[in-house]
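Below are some notes for a reader who has not seen this structure before. Please read them with the model open.

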Amino acid sequence: MYTTSPQRYATMKFRRSGRSGLLLPAISLGLWQNFGDVDDFARSREIITAAFDSGITYIDLANNYGPPPGSAESNFGKIINGDLKAYRDELVVASKAGYVMWDGPYGNWGSRKSLVASCDQSLRRMGLDYVDIFYSHRYDPDTPLEETMGALDYIVRSGRALYAALSNYPPEAAAKAIDILAALGTPCIAHQIRYSMLVRGIGESLFELHRDKGVGCVSFSPLAQGLLSDKYLNGIPEGSRASRDGTLKGDFIADNIERVHRLNSVALRRGQTLAQMAVSWQLYDDRVTTVLAGVSSTAQLRDNVAALDNCNFTRDELAEISDILS
Ligand SMILES: NC(=O)c1ccc[n+]([C@@H]2O[C@H](COP(=O)([O-])OP(=O)(O)OC[C@H]3O[C@@H](n4cnc5c(N)ncnc54)[C@H](OP(=O)(O)O)[C@@H]3O)[C@@H](O)[C@H]2O)c1
């Protein structure tokens, strides 16, 4: 399925996550969708091993990924303890807790009780001794930040994770959380945020903070869940994410499809697919550490990885893109 040759590192670029020692691949793979028990395990296995074979060393999970929740971790556990068993030290595995996962008051949000129990459950599902990165999946306004960050610090110090990170924190809470972690001696190495050509506001409000505090930026949904590709140019195809579930909404597609057509023309002139240009546009920007994409096939994975062949933009291209996005 995958080669064991060092060729897998021939094209991938690695970028430092903030001021940490951890290098992340320019493109990472997220298992939010397409890797649950409802999906075809053989295809999931093929995608994950093909990703590893392309130099994608960072695999992103969370307790609730599936469906059903937890099944993406269980399925990934079979692969990392099967095909990829010999390669644990070449992989960065991340999990998260913070969204609803189990019944009752402790399976949600950011208490120490919830985070530590969830991390233990994730390790059991994946059959791992530790994860490389453990994220607080979202800011909990009702739990003291000191408690949530204290839990991340404990998770790292107890050997359950190597690094602590944040996801979806608004700027003010992110700044405080990063400072608390630094004071505890467990620095925040990354902040995971939604960022793409079509959704830029969150990134724009956080990039300066990340730079000042030395925190890496993991950009998720970089293809706006697939809208930044050529697949929706002629409507919503059967089997696509927009046809399957409610996460890629019809209103968002309708509001942006004209832009997508114009961006597609720019991409074709550059000799890229739109998906590739959407990835390249982020990698041109050193404020993004890694572009965390999802895929439903190895063909999409290869398409996205080929974005690395051209991450330069002319002034005219940037001006045209900026005009389209304004
Ligand atoms: N921290 C958080 O709260 C949070 C939230 C969301 C996501 N994430 C992370 O970010 C990861 C990526 O999120 P995402 O899946 O929304 O990212 P995305 O890369 O924006 O969207 C992935 C979807 O785009 C389509 N696609 C990908 N490559 C394509 C290509 N080359 N050509 C045409 N279509 C292509 C596929 O859709 P089809 O399925 O239609 O083929 C694929 O499922 C997640 O897996 C997760 O790890 C984190």
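Notes on the model

1. Helix 10 contributes the most residues to the shell around the ligand, 3 in number. Helices (H or I, at least four residues) and strands (E, at least two) are DSSP runs, numbered from the N terminus. This is a predicted model: local features need pLDDT of at least 70 and side-chain atom pairs count only at pLDDT 80 or more, while totals for chains, interfaces and linings use all residues. Residues are numbered from 1 along each chain as its sequence is written.

2. The ligand is surrounded by 30 residues, of which Gly30, Trp32, Gly226, Ser229 and Gly294 are the closest; a residue is near a molecule if its C-beta atom, placed from the backbone, lies within 6 Å of it. Strand 10 (290-293) and helix 10 (298-305) are the elements that give two or more residues to this shell.

3. By type, the shell around the ligand holds 10 nonpolar, 16 polar and 4 charged residues. Ala, Val, Leu, Ile, Met, Phe, Trp, Tyr, Cys and Pro count as nonpolar, Asp, Glu, Lys and Arg as charged, and the others, Gly among them, as polar.

4. Tyrosine 9 lies in the segment before strand 1 (14-16). Between tyrosine 9 and serine 20 there are 21 Å in space, C-alpha to C-alpha, and the two are 11 residues apart in sequence.

5. Is tyrosine 9 buried, exposed or partly exposed? Tyrosine 9 is partly exposed, because 14 other C-beta atoms lie within 10 Å (buried means 20 or more, exposed 12 or fewer, partly exposed in between, with C-beta atoms placed from the backbone).
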